[in-house]
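Please study the sequence and the structure before reading on.

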Amino acid sequence: MHDAARDLGRLSRLTAGCAGLAVAVFGTTALLMSLKGAPPDGFLADPAAALVPAGIALVLQAVPVVSRTAGRVVHGLAALLLAGAVVLGVAAFPRHAAASIATLLAIAVLVLLGQLIRALVTADKRQRRLADFTDTLFQSMNEAVMVTDANYQVIDVNRRWRELTGHDADEPVRLDPPPVPPAGGGDWMLPRVDGGAVPVLASMAPIPDEEGAPRAYVATYVDIADRKRAEETLSEKAAELERGNARLRETNTRLEAALTFKNDLTSMLTHDVAQPISSIASLAELLHADWGDLPDDIRLELATKIDKNTQRLIKMMNDLQLLFRLDMGSVTARRAPVPLHEVAASVVAASPAGPGEIVVEMGDDVTALGDRAHVVAVLQNLVSNAIAYGNAPVLISARHLGDQVELVVQDSGQGIPDELLPNLFGRFMRGSGLGLFIVRHLVEANGGSVRYEHADPHGARLVVTWEAAPV
C-alpha cells in the first residue's frame, strides 16, 4: 500500500508538472500571437495572460519539497500566482467575456488539480511515516517473526529471526524450505543455517482474505534456550536432591538395621549368654565351697556341666564372631568337592547327643561343591538346632538330584509353628538362636539354598541344596 501511494504521488506530481508547464506554454503562445495583430489593447486585456501564472503555480505545486518551511514558501508562492491569474482573468472580462470565463474555469480546474496533488502528496507522506513506523516496530520486536504467502514462500523476516537462524542483516533467506512451525505450535527446534538448531516456542497464524481463506501466514518464534537451560538445571538439581534423599533413606535404613541389630544383640546377650555364664559361676562356686565334702561322682558331674556350659558359651562367641563377619560382607567361600558322609560322621562324633540319637543315611559317593568349613558349620548348626528344639532321633540324609545335592536334617519333634516360619532364618529368631540365620548366609555364600518342610508324620525337616561336585 505504501509503494502504491508513493508511485501514485510521483505520477500525480509528474502529470501535474507537465500540465502546468503545458498551460504556461499555451498561455505564453496565445499571448504572443495576440500581440502580433492589431495594436494591442494592452497586455492585461488578453485573458490568455492569466494562464501563464496559473500554469507556473501548478508546476510549483508539483515540485517535491524536503522540509516544512520550503513547502510553505512554495505553496505560498503558488497561491500568489493563482491569485494573480484570477485578477488577470477578471481584468480581461470586459473586452473578452467568453475567453475570460473559459480562462477562469481553466484556472479553477488547475486549482482543483493542485489541491488533488497536495492531498496525494500528504497521503504519500503519511503512508511513508506509517510504513517506517511499522518496519521499525517489526524489526525491533524481541520475538523472531517470519511472514510467508499462502504457499509458504518467505515475504519478509525481522532482525531477531535473522539472529536466531544465523543470517546476516541483508542476506537473502537461505533456509529451503522455510522453517514453518508444526500445526498447533508449541516447543520446537528452529533450524539454523550452520546446521544447528535453537529451542523456541513457535506459533503460526493465518492472515485471511475477504473470503476467509489464508492469503498469508505469520510465524512467531520465541527463544526459550534460557528456559530450557533453567529446566535442565532444575532437573539436575531435582535428580541430585533425589539421589541425596535416596542416600539418606539408605543411611537411615542402615541405621535402623544397626539399631535393631544392637537391640537384638543386647537382648540375646542378656538372655542366651548370661544363662551359661550364670550356670558356670554357680557350679564353680559350689565346687569351690564344698570340694572336700562332695564325692568324686558329684565333682565329675558338676565339672562336666561346667564344661558343657563353657563349650556352649564358646560356640555362641564363635557364632557372634561369624555373625559380625557376615554383616560386614567379609565371608567368602572357597569351594571344592566335600564328601557329605565324612562331614556328617565328624559332626555326629563331636555332638553331645547320646548313642542312637543321630542317624546318618547317605552313600559315601554324595559329594557337594562348597567350602568345607562352611559345610561343617551348616551341618553342626542344623544338628544342634534339631537336638535343642526337637526330639530324637535326628536323621541326616543326602542324595543326588541331577546336578544338585540335597542334604536333609530331620528331627522327630512337634515341628515349627506356622507363625514362626516367615522369619525362621532371620537374625536372633526366638527358638533358633543364631544357628539358622548363619546357616542361610553360609549356604547362600556357597551358591545354595535352604528351606523348611513339615516332616511326615511330625517333626521339622530342614533341606539344604548344594551344587553337586563334578565327577
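Is H374 buried or exposed? In this predicted model, H374 is buried, with a relative accessible area of 11%. The residue belongs to helix α9. Setting aside residues up to four places away in sequence, H374 touches V331, T332, A333, L442 and N446. A value under 20% counts as buried, so the 11% of H374 falls within that class.

**The protein as a whole**

The chain has 471 residues, of which 34% count as buried. Its secondary structure consists of ten helices and twelve strands. Among contacts between residues at least 6 apart in sequence, 61% join residues at least 24 apart.

**Helix α9 and its two helix partners**

Two packed helices are described by the angle between their axes and the distance between the axes. Helix α9 covers residues 372-389, and helix α8 covers residues 340-350.

| Helix pair | Angle between axes | Distance between axes |
|---|---|---|
| α8 and α9 | roughly 50 degrees | within 10 Å |
| α9 and α10 | about 150 degrees | 9 Å |

The axes of α8 and α9 cross at roughly 50 degrees. That angle makes α8 oblique to α9. The crossing of α8 with α9 is right-handed. On the α8 side, the contact is made by L340, E342, V343, A344 and V347, which meet R372, V375, V376, L379, Q380 and V383 in α9. Sorted by class, the residues of this contact comprise eight nonpolar, one polar and two charged.

How are α9 and α10 directed relative to each other? Their axes pack at an angle of about 150 degrees, and α9 and α10 are therefore roughly antiparallel to each other. Here the crossing is left-handed. From α9, the residues in contact are H374, A377, V378, N381, L382 and N385, while α10 contributes G435, L436, I438, V439, L442 and V443. This contact has eight nonpolar and four polar residues, with no charged residues.

**Helix α10 and what follows it**

In α10, the buried residues are G435, L436, F437, I438, V439, L442 and V443. H441 is also found in this helix. H441 is partly exposed, with a relative accessible area of 25%. The C-alpha atom of H441 is separated by 9.1 Å from that of F425, which is 16 residues away along the chain. After α10 comes G447, which has a positive phi, near 80 degrees.

In soluble globular proteins, nonpolar side chains tend to be buried together. In this model, the largest nonpolar core has 40 residues, and those with the most contacts inside it are L379 and I396. The elements that give two or more residues to this core are α7 (296-328), α8, α9, β9 (394-401), β10 (404-410), α10 (435-445), β11 (449-454) and β12 (460-468). Helix α9 supplies the largest share of the core, seven residues.

Which residues is I396 in contact with, leaving aside its neighbours within four places in sequence? I396 is in contact with A344, V348, I358, V359, V360, E361, M362, L379, V383, L407, V408 and V409.

Two cis peptide bonds may be noted. One runs from D176 to P177, with omega near 0 degrees. P177 is found in the loop between α5 (159-165) and β3 (186-191). Another cis peptide bond joins A392 to P393, with omega near 0 degrees. P393 lies in the loop between α9 and β9.

Y152 has a positive phi of about 65 degrees although it is not a glycine. The residue is placed in the loop between β1 (144-149) and β2 (154-157). With a relative accessible area of 34%, Y152 is partly exposed.

How values were computed: Residues are numbered from 1 along each chain as its sequence is written. This is a predicted model: local features need pLDDT of at least 70, side-chain atom pairs count only at pLDDT 80 or more; totals for chains, interfaces and linings use all residues. Side-chain values use heavy atoms; hydrogens and water are left out. Axes are lines fitted to C-alpha atoms, for helices over the stretch in contact, and angles run from 0 to 180 degrees between N-to-C directions. Helices (H or I, at least four residues) and strands (E, at least two) are DSSP runs, numbered from the N terminus. Angles under 35 degrees count as roughly parallel, over 145 as roughly antiparallel, 65 to 115 as roughly perpendicular and the rest as oblique. A crossing is left-handed if the near helix is turned anticlockwise from the far one by less than a right angle, and right-handed if clockwise. Contact means heavy atoms within 4.5 Å. Ala, Val, Leu, Ile, Met, Phe, Trp, Tyr, Cys and Pro count as nonpolar, Asp, Glu, Lys and Arg as charged, and the others, Gly among them, as polar. A nonpolar core is a set of buried Ala, Val, Leu, Ile, Met, Phe, Trp, Tyr and Cys residues joined through side-chain atoms within 4.5 Å. Buried means under 20% relative accessible area, exposed over 50%, partly exposed in between (1.4 Å probe, protein chains only).
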